[in-house]
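Q: Please walk me through the labels used for this model. I want each value set against its definition.

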Amino acid sequence: MDALRVQSVNLEHAQNQKQHNTEGLNSASLVVRRGQPFKLTVAFNRRYVPNRDGLVLRVELDRLYNDIPITFSKDPSQWTAYFQQGSLDSTKASLCVSSPANAPVGVYQLQLLMMSPSGPYSFRVGQFTLLCNPWCSADSVYIPDESQREEYVKNDFGLLYQGTAKNVIFRPWSFDQYENGILDICMMMLQVSPEHKRNWRTDYSNRSDPIYISRVVSAMINSNDDCGVLQGNWSEDYSGGVNPSDWNGSGEILRQWAQSRFSPVKYGQCWVFAGVMCTVMRVLGIPTRVVTNFDSAHDANGNLVIEEFYTETGEKLPRGQDSIWNFHVWVECWMKRADLRAGFDGWQVLDPTPQERSEGVYRCGPAPVKAIREQRMDMPFDIPFIYAEVNADVYVCIVQQGKVLSYSIDTDRVGSFICTKSLGSNRPQDITSTYKYTTAIQPVTSNSTMAAPTLADNSSSADGLSVKLRLLKAPVIGGNISFSVTVTNLESTRKTVRQHVNAQPKSYNRSPSDAFWETHNTIQLAPRESKVLEHQISYSRYAMLGDGQLVNLAVVVMDVASQERVLASEEFNLTSPTINIRIEDEGSVVAQKVQVAMVTFTNPFSEPVSGVLTMAGAGLLEDKVLFNIALQPGESMETAVKFTPKMEGVKMLHANLRLNNNPAVIRGFKTITVRAA
């Protein structure tokens with residue numbers, strides 16, 4: 001009988017990747033998940049004889065390897081290789097390979113080895129990429145609900161929420177995990193990490209654990225300690241790079257990083273760091289969602305107190321290291337915490353934005369959300385810092401020449417609304433109660449690029465006076481900001497009261513700069529009298545506000561006789577115009593068939609605008625589509641965009657209009673359900 005030889009091996013890419021829920025993940029190698037068998041079809045030169053032909057499968061991970069005797073049964077606790085029953089009747093055989101559910105994530109090589117009278121013989125089978133498996137109950141990233149796996153692993157688009165808790169902006173983001181090269185770049189990220197360079201053998205061993213993987217990735221998304229992906233920049237000077245507001249997806253960032261031989265991409269801020277980390281973790285098979293914490297505290301000294309200072313005329317001062325960001329964005333990853341006592345599995349906070357060091361490296365988490373709620377400061381990782389982000393108290397002081405004239409304490413503002421994208425929906429899901437035992441602000445939302453805002457209504461009072469600040473209508477870019485100040489005399493004597501109101505521009509993550517509008521006047525109040533003073537700020541006074549900038553509006557009223565002062569303030573964002581996207585024959589969008597989207601926009605400004613309209617959509621458009629536009633006040637444009645969906649599922653087409661003569665950035669998006677061809 002001739003010596004057994006392998007003539008060919010078919011890795012059965014299509015069948016295996018469908019069964020392993022890796023369809024669409026683009027790589028030259030087979031992509032499978034751990035804890036689940038995959039099938040190879042082996043063609044021999046003759047029939048395989050079990051008792052005569054000794055056959056071994058070698059699984060190699062870099063310089064590590066495991067030789068697996070081929071049998072007819074599997075053992076889920078270890079690597080096994082076995083022939084399917086009834087598959088040895090011809091010269092072709094179906095060989096199943098199964099990894100344990102805690103096998104290290106990585107890129108593996110396969111060889112078939114056999115002994116024959118003429119000596120040893122080997123055949124190189126090929127390469128496969130092994131990912132975590134949230135469909136396998138034995139895997140530590142297992143998540144039981146299929147709708148969660150669809151949203152948090154397979155979905156390649158999302159919405160990142162910005163603005164303020166009372167006026168939530170919907171920002172479309174493309175995770176791009178199915179785009180060319182993205183899977184291979186994510187695997188290479190693990191290879192170029194400091195942990196791998198320091199000790200490759202230990203790194204491979206630790207890659208069985210999503211806790212370890214998530215800490216490596218959290219550090220690698222920023223470039224502060226290593227050859228990480230993104231360089232942060234909060235200076236508002238983005239020369240030499242890209243304004244963080246101009247990114248709309250992870251793919252372009254990851255490709256630029258890889259093509260530059262792992263030089264950091266310029267520039268990122270919190271939502272960009274989080275969006276890219278979400279892509280990497282979903283690619284690796286770890287369920288991940290992007291989370292926004294509105295009114296997020298950065299407590300530099302760890303005392304759970306944030307101090308804010310205002311002048312006696314209501315101008316907010318840039319003092320102290322502590323700060324409150326109007327919003328901060330991180331991710332949550334789903335995993336078991338075998339390193340902790342029972343009860344802390346599930347969602348874990350990870351924050352790749354470089355803020356504080358964790359074990360000497362700029363990274364944060366994983367921190368169990370439940371441990372944050374339960375104030376378990378002793379548990380790993382970084383719980384005190386995250387707890388302060390959602391729970392610090394705010395001391396608001398009015399000062400004059402370094403002396404505190406009055407102060408108030410706000411225990412509810414920080415962590416006022418914590419949300420993530422809802423399952424199968426564009427609406428924000430309120431998850432505040434998973435972090436803290438308080439009730440969140442309830443924003444009014446709609447399925448658009450910006451939610452319908454809740455009108456601000458802030459009030460404050462002291463012994464003799466109270467003041468209320470109220471927006472009269474939702475502020476819209478291009479229109480007036482209209483608001484009222486209600487001053488009430490709480491005593492039975494007449495009062496002369498001075499009112500000081502000012503508005504300051506503010507970025508989401510810093511103190512306001514100098515006031516762009518202010519007014520001061522004196523009013524007379526009879527005993528127990530209230531007076532309402534209405535104000536308007538014209539568009540020309542705030543037209544300089546950049547994309548995403550907010551307004552800090554504050555009023556201080558002072559009793560001239562007693563010198564008693566009361567402050568009310570509100571930080572708000574302005575509603576932006578939107579781009580409308582309409583799909584012709586929306587119900588019949590199918591994969592691999594050309595479709596048409598109609599994109600429309602009307603200039604709402606009182607001046608001509610020009611700029612570049614950019615269309616993008618993972619799985620819909622191969623590349624970005626650019627249009628130059630120029631519109632007179634009130635003029636509309638409409639253009640057709642052709643796209644061809646690659647695969648079935650829910651996809652997102654999104655538009656971005658950056659104007660030449662106006663700092664506003666106009667956005668729009670449309671979710672599209674693609675049916676199989």
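A: Start with how elements are named: helices are DSSP runs of H or I with at least four residues, strands are DSSP runs of E with at least two, and both are numbered from the N terminus. This is a predicted model, in which local features need pLDDT of at least 70, side-chain atom pairs count only at pLDDT 80 or more, and totals for chains, interfaces and linings use all residues. Residues are numbered from 1 along each chain as its sequence is written, and side-chain values use heavy atoms, with hydrogens and water left out.

Q: How many helices and strands are in the protein?
A: The protein has 12 helices and 40 strands. Its C-alpha atoms fill a box of roughly 115 × 60 × 40 Å along the principal axes.

Q: Where does Gln375 lie?
A: Gln375 sits in the loop between α9 (369–373) and α10 (383–391). Its phi is near 60 degrees, a positive value in a residue other than glycine. Asp382 is also found in the loop between α9 and α10. Phi of Asp382 is near 65 degrees, again positive in a residue other than glycine.

Q: Why is Gln375 called partly exposed?
A: The cut-offs are on relative accessible area: buried is under 20%, exposed is over 50%, and partly exposed is in between (1.4 Å probe, protein chains only). Gln375 has 46% relative accessibility, so Gln375 counts as partly exposed.

Q: Is Tyr178 buried or exposed?
A: Tyr178 has a relative accessible area of 11%, so Tyr178 is buried. Tyr178 lies in the loop between β11 and α3. Its C-alpha atom is 5.8 Å from that of Asn26, although the two are 152 residues apart along the chain. Across the protein, buried residues make up 57% of the 677 residues.

Q: What makes Arg63 exposed?
A: Its relative accessible area is 54%, so Arg63 is exposed. Arg63 is in the loop between β4 (54–61) and β5 (64–71). Arg63 and Ala503 are 440 residues apart in sequence and 63 Å apart in space, C-alpha to C-alpha.

Q: Why does Asp345 count as partly exposed?
A: Asp345 has a relative accessible area of 46%, so the label is partly exposed. Asp345 lies in the loop between β17 (323–335) and β18 (346–350).

Q: Why are α3 and α7 called oblique to each other?
A: Axes are lines fitted to C-alpha atoms, for helices over the stretch in contact, and angles run from 0 to 180 degrees between N-to-C directions. Under 35 degrees is roughly parallel, over 145 is roughly antiparallel, 65 to 115 is roughly perpendicular, and the rest is oblique. Helix α3 (residues 182–191) and helix α7 (residues 251–259) pack at about 60 degrees, with axes 10 Å apart. The pair is therefore oblique.

Q: What makes α6 and α8 oblique?
A: The axes of α6 (residues 210–221) and α8 (residues 270–283) cross at roughly 140 degrees and come within 10 Å. α6 and α8 are therefore oblique as well.

Q: Which crossing is left-handed?
A: The crossing of α3 and α7 is left-handed. The term means that the near helix is turned anticlockwise from the far one by less than a right angle, while clockwise gives right-handed. The crossing of α6 and α8 is right-handed.

Q: How many residues line the largest pocket?
A: A pocket is an open set of points on a 1 Å grid over the protein atoms alone, where a 1.4 Å probe fits, with protein on both sides within 12 Å along at least five of seven lines; lining residues have an atom within 4 Å of a point. By that rule, 42 residues line the largest pocket, and Ser245, Gly546, Asp547, Gly548 and Gln549 lie nearest its centre. β10 (157–164), β11 (167–174), α12 (539–542) and β40 (665–674) each supply at least two lining residues.

Q: How do you know that Lys266 to Tyr267 is a cis peptide bond?
A: The omega of that bond is near 10 degrees. Tyr267 belongs to strand β13 (residues 265–268). Gly365 and Pro366 are also joined by a cis peptide bond, with omega about 5 degrees. Pro366 is in the loop between β20 (361–362) and β21 (367–368).
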